[in-house]
Amino acid sequence: MSEIKRIAVLCSGGDSPGMNSAIRAVVRTGIGAGLEVFGIQKGYAGLLEGNIRKLDVSSVGNILQHGGTMLQTSRCSEFLTEEGRREAANLLKRKKIDALIVIGGDGSFNGAMKLHDEHQIPVVGIPGTIDNDIDGTDYTIGFDTAVQNAVDAVDKLRDTANSHGRTFIVEVMGRRSPAIALKVGICTGAENVVLPTATIDYDKIAADIDRGIKRGKTSSIIIASEGEVEGVGYTIRNSLKDKFNLEAHVCILGHIQRGGNPTPTDRLIASQMGHVAVKAILAGEMASATVFLQGKVSLSPLKNCLRKKNEFDVSDVELLTALSI
Ligand code: ADP
Ligand code: F6P
């Protein structure tokens, strides 16, 4: 018989579409198993403020299909300190909360790992970030919706680019992760993709644009991954102008990518992960994460999911290059 009676769930770091579907699954699976489930508002910051409320079955009704997170989210510098985490652990103990589910990225997972290591609180991480950049899982909730949002936007830009014979540099999110840029590049037939970890090959970009014009292309799209700071699109535009006298327009898609209704893929994986996370707690897991591997949701030790991932499949780059001639 599990000794777990009360669990809590929070979202931390950047929000991602599908977080609500995961919250709903946690709440309904937990209540269905006889647990009391609490929602912590605004991530670790809300935990430190004691911003906690009991959730019932109805409180998560009609949220599955909405982007953002009903629990809101935050970044919290206090939680980076041992003292902050001790305060958080004490608060959970005072509220008699036996286990914590954290929906967020690798930073949030590192916080959860430390909370467990330092205070023995059982934790489960659910990967939620549009960047798809957490080690140990092939998928993070929100990625599919973000890609869908960006593809919709680039398709629209292509219409106007074709009409004017223009080059557009479209900057997508993802920090140091190449995942969004690569997938969007392939799915929009981009002429070039600039990945966050690569040196920018201006000669190649200019040669590709020139070749395209010569074979009658009416537009060029360059997808640029934002890297650490947004605005790389302007650097690329200025260099193309200075070095090759090429004109390009810049469009930074920004936070639009993070909003909107989650796709069915995000709803499904988020629901499965929320369900598996509660079952993990009931089974006595102490520090685990829900992961998506080989097309299925399963459980993994949390320590395997703490690193930021920025590798990519070279065959994707090969595909993009082969198809954009
Ligand atoms: P994400 O979870 O999306 O990667 P962040 O890296 O901003 O987002 O992390 C979200 C929050 O998680 C931080 O504001 C902080 O409260 C906590 N956090 C991040 N990294 C650590 C860490 N190394 N140790 C403890 N807490 C952390
Ligand atoms: O980590 C998710 C993400 O959306 C990144 O793609 C982006 O660089 C960053 O968050 C933006 O963070 P903020 O919400 O602080 O603007």
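How far from an oxygen atom of ligand 2 does a polar side-chain atom of Arg-75 lie? In this predicted model, the separation is 2.7 Å, a polar contact being a pair of N or O atoms within 3.5 Å (within protein, one must be able to donate a hydrogen and the other to accept it, and residues adjacent in sequence count only if both atoms are side-chain atoms). Arg-258 also places a polar side-chain atom 2.8 Å from an oxygen atom of ligand 2, while a polar backbone atom of Gly-174 is 3.0 Å from a ligand 2 oxygen. On its own, ligand 2 has 400 Å² of accessible area, of which the protein covers 77% (Shrake-Rupley method, 1.4 Å probe). Among the residues surrounding the ligand are Thr-129, Asp-131, Glu-226 and His-255, each with a heavy atom within 4 Å of the molecule.

Turning to the fold, seven strands make up an open sheet of mixed pairing, in the order 3-2-1-4-5-10-11. Strands here are DSSP runs (E, at least two residues) numbered from the N terminus, and two of them pair if DSSP finds at least two bridges between them. Strand 3 (52–55) and strand 11 (296–301) form the edges, each pairing on one side only.

Residues are numbered from 1 along each chain as its sequence is written, and chains are lettered from A and ligands numbered from 1 in the order in which they are written. Local features need pLDDT of at least 70, side-chain atom pairs count only at pLDDT 80 or more, and totals for chains, interfaces and linings use all residues, while side-chain values use heavy atoms, with hydrogens and water left out.

Key: Helices (H or I, at least four residues) and strands (E, at least two) are DSSP runs, numbered from the N terminus.
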